[in-house]
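Good morning, colleagues. Please have the sequence and the structure open as I speak.

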Amino acid sequence: MKTEVRNENGYCRVIATCNIKKGEIVSHIAGTTIITPSKYTIQLNEDQHLESLSNDPNDPQYAWRFINHSCEPNCSIDVLEKNVIAWQDIKSGSEITFDYNTTETELTAPFVCECGSTRCMGTIR
């Protein structure tokens, strides 16, 4: 495994457990396909969303559910191949992030971003 979920003060984050090179597959996104999106699904196409089959942060097959948003992410989601891909070299101990706007037509639970990036988009919709 290249990642693990860490819970820090009730806040889950996916952390790299080794150095990951740009372009590498970080993890696979497994689950079941549903038609109704939720806060924790990834949109695969106009009518399909991928839902995790586990909410357990210790279940490595569904760790993708805990990947947080960043306006300057280090990963992307390949919805066709169902993989998390490194956009840049990632050092061991770094948080794995992706831009939620890249996989959703419309978020079911918009939120005010707190990523701290100079490129922060503010409200993520």
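This is a predicted model: local features need pLDDT of at least 70, side-chain atom pairs count only at pLDDT 80 or more; totals for chains, interfaces and linings use all residues.

Residues are numbered from 1 along each chain as its sequence is written, and side-chain values use heavy atoms, with hydrogens and water left out.

Strand 1, residues 3–8, pairs with strand 2, residues 11–16, in the antiparallel sense over six bridges. Strands here are DSSP runs of E with at least two residues, numbered from the N terminus, and two strands pair if DSSP finds at least two bridges between them. Glutamate 8 stands opposite tyrosine 11 of strand 2. Two residues lie between the strands of this hairpin, where asparagine 9 takes a positive phi near 55°.

I turn to serine 76, in strand 8, residues 75–78. Serine 76 has 15% relative accessibility and therefore counts as buried (under 20% relative accessible area; exposed is over 50% and partly exposed in between, with a 1.4 Å probe and protein chains only). Beyond its neighbours within four places in sequence, serine 76 is in contact (heavy atoms within 4.5 Å) with Asn83, Val84, Ile85, Trp87 and Phe98.

Finally, glutamine 48 belongs to strand 6, residues 48–51. Glutamine 48 has a relative accessible area of 34%, so this residue is partly exposed. Setting aside neighbours within four places in sequence, glutamine 48 is in contact with Thr33, Ile34, Ile42 and Gln43.

Conventions:
Helices (H or I, at least four residues) and strands (E, at least two) are DSSP runs, numbered from the N terminus.
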